[in-house]
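Colleague: I'd like to go through this model with you and hear how you back up each label. Can you put it on the screen?

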Amino acid sequence: MLKKVLKYFSEKENRLVFALIVLGSICWSLTMVRSGLCFDKGCVSGIGFWGANGHDGIWHISLIKSLMRGGFENPVFAGEKLKNYHIGFDLLVSFLSRISGVDPMILYFQVLPPFMALIIGLLVYIFMFKWTKSKLSAFWALFFIYFGGGLGWVVTLIREGKIAGDSMFWAQSSATTLINPPFSLSLIFLLLGLIFFSSYLNFSRILDLILIGIFWGLLVQIKIYASVLVLGSLFLLLIYSFLFKKDKFVLVLKSLVLVFLISVFVYLISVKSSTGLIQFRPFWFLETMMLFGDRLHWERFYQAMTNYILGRIYLKAFLAYVLAFVIFLVGNLGTRIISFLWFIRKDSFLKKPNLIEAFLFFLTFFGVLLPMLFVQEGTAWNTIQFFYYSLFVFGMFSGILVAMIMSVLNKSLSLFLILSFVFLTLPTTVATMSHYLSRLPQAKISLNEFNALRFLSSQPKGTVLSLQIPGSFYGNNEFPTPLYLYDSTAYVSAFSGQTVYLEDIVNLNIMNYNWDERLAKIKVFLSDANSASARNFLRESNISYIYLVKRMGVGLDEKALNIKNIYDNDEVIVYKVLPI
């Protein structure tokens, strides 16, 4: 198979496509591959993390190591099982690490990102060519999927004279795809499902149906957002086929039933979710886009749109929210806005498209609609991830439209069109890359801390009390920022491989854990650290180790607490809680 692929792209007419896939994969991978490595000669300063890797990447490493130990305990909330989290990607990496012997952090940051970027590019090209029979359409779809971005750079250029604003309209650019590895993996499964679904609709082979069920059914534990979109789109496609494509109705029905059954089965045998995670809060993204200082921040518009609602001036409120939605859509799509020409072309969607076109339209529709109506409890903005799948499909549609336009233009106008799209699309990617290619990382773990945590990893398994109150130093001016000052992260569990009593409040919020009581107990412990009640807290909470950053300025009496200093360096002390 690999030989066939290499032979195909070695042909002269396909080399440009292969070059684009390689270039796009390098671009995507640059957001990941530098993190987790020493960022200066000799590793004097420590291990660096760029961008969201200082939080999200650390969490995944923590979870992967926890899964490698067996069971489904939450590594940052000792004694509790994981809930409300799709673990498919992390389970895969833990398996790969076990069978290969490669450190999970190397797999996560250096090995899998380039691999997934290449696979996504190859699958996009295969699907687009299979669907459109046009190499030019497939080429431009690859361009938009790898390099597509919003128009935030236009706003920052006007306001501040610089190119930035990646997530000004809430969605991030394509260049950051690998920052969310479960999303990246879900794209691979989504594309594989699309390829076999297209084949199944044409040839009705049972093997294609089985593969559809596997790839789309597993999405429920890779990325629940993708699973919801696929199941919803298949349901609407079933209705559509009944009305307009009756000869394909049974095929769509079989696909929907099999994907649904496998999704339910996978859900029931793995980490489950509780109810109440999704809240109905219409137009939250539109309002906060206008309100928040790190978004578009058009405060007068926000005041107008919300005051119209309060004042029951419904016509003006309707117009204001429609305009805000248009700004949201255009701002996030950027040059991909050309995809809307898909619906007004001569053989438009309104003239009964084939089932693949209809499925992609339904998926895009749901991806736009759901974040407009719902947010996630604890971390409201998480549901923007529905919209990322819409942006992915918009990239496909955009590729088709550019190819169609170029086919009717002469060479000069085609060259002008190409340069225009490249010039208007790339600024967001360039701005994103500059953030991840900076000489110094945004966050780090020092060599002293790394050695302390490596020592802790060699100790018998137990629960660690990490003594730096999450977020207590937030807002500091150090750069690179030590992880204990960066934010509430899972770095102690990630680097020690031990379970922590309380860590990474950000993800605990996303997973809907009640962590307040534990934080309150830690604060009480710190306020009277050498008392009998503090000693009892350690026993009652089954604490085995105390990881103390000296900068906290907390002195612990070993005799009073019945603990023993087992590791000490310039930055960290590690205590072992002794048995009674």
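Colleague: Which residue in E5 does Gly-48 stand opposite?

Modeller: Lys-444. Keep in mind that this is a predicted model.

Colleague: What makes E2 and E5 a pair?

Modeller: The cut-off is at least two bridges between two strands. Strand E2 (residues 47–49) and strand E5 (residues 443–445) have three bridges, in the antiparallel sense, so they count as paired.

Colleague: Which sheet are they in, and why is one side of E1 and of E7 left without a neighbour?

Modeller: E2 and E5 belong to an open sheet of four strands, ordered E1-E2-E5-E7 with mixed pairing. Strand E1 (37–38) and strand E7 (481–482) are at its edges, and each has a single partner strand, so one side of each has no neighbour in the sheet.

Colleague: What is the strand order in the sheet of five?

Modeller: E8-E6-E9-E11-E10, again an open sheet with mixed pairing.

Colleague: How do E6 and E9 run, parallel or antiparallel?

Modeller: Parallel, with five bridges joining strand E6 (residues 463–467) to strand E9 (residues 543–549). One of the bridge partners in E9 is Ile-543, which goes with Thr-463. Helix H18 (residues 447–457) packs on this sheet, touching E6, E9, E10 and strand E11 (572–577). The direction of H18 makes about 175° with that of E9.

Colleague: What makes up the contact of H16 with H17?

Modeller: From H16 you have Val-402, Ile-405 and Met-406, and they meet Ser-414, Leu-417, Ile-418 and Phe-421 in H17. Six of the contact residues are nonpolar, one is polar and none is charged.

Colleague: And the whole chain: how do you know that its radius of gyration agrees with a compact globule?

Modeller: For 580 residues, a compact globule would come out near 25 Å; the protein chain has 26 Å, so the two agree. Along the principal axes, the C-alpha atoms fill a box of roughly 85 × 55 × 50 Å. The chain holds 24 helices and eleven strands.

Technical notes: Residues are numbered from 1 along each chain as its sequence is written. This is a predicted model: local features need pLDDT of at least 70, side-chain atom pairs count only at pLDDT 80 or more; totals for chains, interfaces and linings use all residues. Side-chain values use heavy atoms; hydrogens and water are left out. Contact means heavy atoms within 4.5 Å. Helices (H or I, at least four residues) and strands (E, at least two) are DSSP runs, numbered from the N terminus. Ala, Val, Leu, Ile, Met, Phe, Trp, Tyr, Cys and Pro count as nonpolar, Asp, Glu, Lys and Arg as charged, and the others, Gly among them, as polar. The radius of gyration is taken over C-alpha atoms; the globule rule is 2.2 Å times the number of residues to the power 0.38. Axes are lines fitted to C-alpha atoms, for helices over the stretch in contact, and angles run from 0 to 180 degrees between N-to-C directions.
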